[in-house]
Amino acid sequence: MKSTGGTTAAKQRAARAAADRVSDGMTIGLGTGSTAAHAIDALGERVADGLDIRAVTTSFSSRMRALDAGIEVIDLDEAGGGIDLAIDGADQIALDAGDCIKGGGAAHTREKMVASAADRFHVVVDETKIADSLSHPVAIEVLPAAHRLVADAVAKRGGEPTLRTAERKDGPVVTDNGNLVVDANFGTLESPRSLAAELSSLAGVVDHGLFVDAVTAASVGDDDGVETIVY
Ligand code: 5RP
């Protein structure tokens, strides 16, 4: 797994702050990425100490991590009563607005499904992910046949599209759902909400990494400590 952003200690502090909010009987959504992986590990330690939870994962990677940590994994379909709390990382978060951009691990479609099925969505980040306004490129998962169509639509809206390429494979990144990812750089986002709606309406788009009005809490870790904001 690629680790971007701040230090391991900062990520672990943020992850632990969210994992500490989990209690017996909960169904937990487990995100993807290096910070979410620390939350999975922290929950695994608590499970070993007797915590009784089950989890819905957001990627092949988070599923394997959860199973290795000894956490019971179920499908979203099986989470009958819904998800009590989803814990996930982010590529960038605007703390005042509580909006964030995800998809650095190309898992944002399932991450959004799990977040939207959850009563609470707790984002865990290190301090390098904080911004006054969102400006990180927006990951867009697209059906393979639609990648040019979507790239053209992004360019028409003033964005700079890039088809995400794999690092240890020739060609594009293929998501866990068998699709491709177009990263769209729009610079600073004046209106994340309207951009989110526009991107969702494009033919061939599966989902994008703009999470607007979804975050209910954010824990920000740094090398000295962690702060949690509840929205
Ligand atoms: C995966 C994600 C990740 O949560 C995001 O990329 C942050 O990852 P990390 O904690 O490794 O910086 O959205 O799709």
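## Cavities

A search of the whole structure, which is a predicted model, finds 2 cavities of 30 Å³ or more. The second largest cavity holds about 30 Å³ of space.

Its lining is made up of Thr58, Ser59, Ala106, Ala107, Thr109, Arg110, Thr175, Asp176 and Asn177. By class, 2 of these residues are nonpolar, 5 are polar and 2 are charged.

## Domains

The chain is divided in two. Domain 1 takes in residues 8–132 and 212–230, and domain 2 takes in residues 138–206. Their centres, taken over C-alpha atoms, are separated by 24 Å. The contact takes 14 residues from domain 1 and 15 residues from domain 2.

## The second largest pocket

The second largest pocket holds about 200 Å³ of space. Its lining counts 13 residues. Val56, Thr57, Thr58, Asp75 and Arg110 lie nearest the pocket centre. Thr58 and Arg110 also line the second largest cavity.

Which elements give two or more residues to the lining of this pocket? They are β2, α3 (60–68), β3 and α4 (108–117). Helix α4 gives the largest share, 3 residues. By class, the pocket lining divides into 7 nonpolar, 3 polar and 3 charged residues.

## The sheet

Strands β2 and β3, which each give two or more residues to the pocket lining, also belong to an open sheet of 7 strands. The strand order is β3-β2-β1-β4-β7-β14-β15, and the pairing is mixed. The edge strands are β3 (72–74) and β15 (226–230), each of which pairs on one side only. From one strand to the next, the twist averages 25 degrees.

Inside the sheet, β1 (residues 27–30) pairs with β2 (residues 54–57). In which sense do these two strands pair, and over how many bridges? The sense is parallel, and there are 4 bridges. Glycine 29 stands opposite valine 56 in β2. Val56 is also among the residues that lie nearest the centre of the second largest pocket.

Note on methods
Residues are numbered from 1 along each chain as its sequence is written. This is a predicted model: local features need pLDDT of at least 70, side-chain atom pairs count only at pLDDT 80 or more; totals for chains, interfaces and linings use all residues. Side-chain values use heavy atoms; hydrogens and water are left out. Two strands pair if DSSP finds at least two bridges between them. Axes are lines fitted to C-alpha atoms, for helices over the stretch in contact, and angles run from 0 to 180 degrees between N-to-C directions. On a 1 Å grid over the protein atoms alone, a cavity is a set of points where a 1.4 Å probe fits but cannot get out, and a pocket is an open set with protein on both sides within 12 Å along at least five of seven lines; lining residues have an atom within 4 Å of a point. Grid points are joined across faces, edges and corners, and a volume is the space filled by probe spheres set on the points. Ala, Val, Leu, Ile, Met, Phe, Trp, Tyr, Cys and Pro count as nonpolar, Asp, Glu, Lys and Arg as charged, and the others, Gly among them, as polar. Domain bounds come from an automatic or database domain assignment. Contact means heavy atoms within 4.5 Å.
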